Amino acid sequence: EEERDRIRDEFLHRVGELLSGEVQQIERGKIIVIMNRAREAEAIVPWKDQNPRERFRQGDPIRAVLKKVEETPKGPRLILSRADPIFVEALFKLEVPEVYQGIVEIKERAREVGGRSKIAVWSRDDSIDPVGACVGMRGSRVQSVVNELSGEKIDIVHWSEDVASLAVSALAPAEIQKVIIDDQNKRIEVILTEENLSKAIGRRGQNVRLASKLIDFEIDILTEKEESEKRQLEFKEK
């Protein structure tokens with residue numbers, strides 16, 4: 001019981017932290033991990049918290065974020081994740097001193113595991129560019145994170161309190177002509193040129209989906225022609 005209490009006390013306040021260990025075995029889809037600094041703790045990476053692009057074998061080193069401490073009849077169990085967006089944040093904290101020190105803050109995050117992540121960053125110090133700090137010299141910092149995520153792409157954008165500005169950043173590389181916000185229904189209309197349409201939507205709609213998650217608003221994308229037709233229709237109905 002003392003051992004259980006010690007594990008509980010040690011890890012309860014470490015949710016969101018990056019932990020490392022070794023793959024002990026893979027059982028019914030879940031990865032059982034021996035923790036480097038607490039070998040007696042029971043730790044698993046459930047199937048839903050794994051990256052489908054990754055394959056681990058017994059004896060492989062593994063890093064994951066502590067998602068929660070779960071109580072079981074045998075005592076506390078550490079639930080680890082490599083799929084949660086907080087895993088991406090924990091990796092940036094490891095690679096970027098400014099994030100670790102709290103000078104640069106990851107305000108929002110969105111992720112489609114194995115495909116792409118978006119993070120919105122902000123700096124407490126005006127002299128430090130938060131995007132540049134996360135990218136690193138010649139992309140070295142972000143590349144380290146990409147490598148750990150098995151090649152998952154990462155978009156880093158400037159965070160803003162202004163939803164319209166954040167939406168414009170989140171939909172890059174598309175160039176936006178106009179943004180109309182409906183705060184009540186948490187929807188945004190984005191108007192752009194025909195040539196920017198595919199950039200905003202992204203492959204299989206991924207860019208707009210992640211942007212929508214990042215800003216927590218539904219995003220409707222219209223070309224200038226579609227917007228003009230919509231306004232004419234609304235005018236006639238009035």
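This is a predicted model: local features need pLDDT of at least 70, side-chain atom pairs count only at pLDDT 80 or more; totals for chains, interfaces and linings use all residues.
Helix α2, residues 85-95, packs against α5 at an angle of about 135°, and their axes are 10 Å apart; axes here are lines fitted to C-alpha atoms, for helices over the stretch in contact, with angles running from 0 to 180 degrees between N-to-C directions. Helices themselves are DSSP runs of H or I with at least four residues, strands are E runs of at least two, and both are numbered from the N terminus.

Residues are numbered from 1 along each chain as its sequence is written, and side-chain values use heavy atoms, with hydrogens and water left out.

Staying with this pair, the crossing of α2 and α5 is right-handed, a crossing being right-handed if the near helix is turned clockwise from the far one by less than a right angle, and left-handed if anticlockwise. On the α2 side, Phe87, Leu91, Phe92 and Glu95 meet Arg141, Val142, Ser144, Val145 and Glu148 of α5, where contact means heavy atoms within 4.5 Å. The residues of this contact divide into 5 nonpolar, 1 polar and 3 charged; Ala, Val, Leu, Ile, Met, Phe, Trp, Tyr, Cys and Pro count as nonpolar, Asp, Glu, Lys and Arg as charged, and the others, Gly among them, as polar.

Now to helix α8, residues 206-215, against which helix α6, residues 163-170, packs at an angle of about 150° with the axes 9 Å apart. That angle makes α6 roughly antiparallel to α8, and α6 passes α8 in a right-handed crossing. Leu166, Ala167 and Ala170 in α6 meet Asn207, Ala211, Leu214 and Ile215 in α8, and the residues of this contact divide into 6 nonpolar, 1 polar and no charged.

Helix α8 also packs with α7, at an angle of about 65° and with the axes 5 Å apart, and the two are therefore roughly perpendicular to each other. Here Lys199, Ala200 and Ile201 in α7 meet Gln206, Asn207 and Val208 in α8, a contact whose residues divide into 3 nonpolar, 2 polar and 1 charged.

What does asparagine 196 touch, leaving aside residues up to four places away in sequence? Asparagine 196, which lies in helix α7, residues 194-201, touches Pro173, Ala174 and Glu175. At 7% relative accessibility asparagine 196 counts as buried, buried meaning under 20% relative accessible area, exposed over 50%, and partly exposed in between, with a 1.4 Å probe and protein chains only. Proline 173, one of those partners, is found in the loop between α6 and β9, and a cis peptide bond, with omega about 10°, joins alanine 172 and proline 173.

Two backbone angles also deserve a mention, given that most residues other than glycine have a negative phi, and most peptide bonds are trans. Arginine 138, in the loop between α4 and α5, has a phi near 55° and is exposed, with a relative accessible area of 88%. Lysine 186, in the loop between β9 and β10, has a positive phi of about 50°, and at 36% relative accessibility lysine 186 counts as partly exposed.

Not counting residues up to four places away in sequence, glutamate 189 touches Lys178, Val179, Ile180, Asp220, Leu222, Lys230 and Arg231.

Let me finish with the whole protein, which holds 9 helices and 11 strands, and whose C-alpha trace spans about 75 × 40 × 30 Å along its principal axes. Buried residues make up 44% of the 238 residues, and among contacts with a separation of 6 or more, residues 24 or more positions apart account for 60%.

Methods
Angles under 35 degrees count as roughly parallel, over 145 as roughly antiparallel, 65 to 115 as roughly perpendicular and the rest as oblique.
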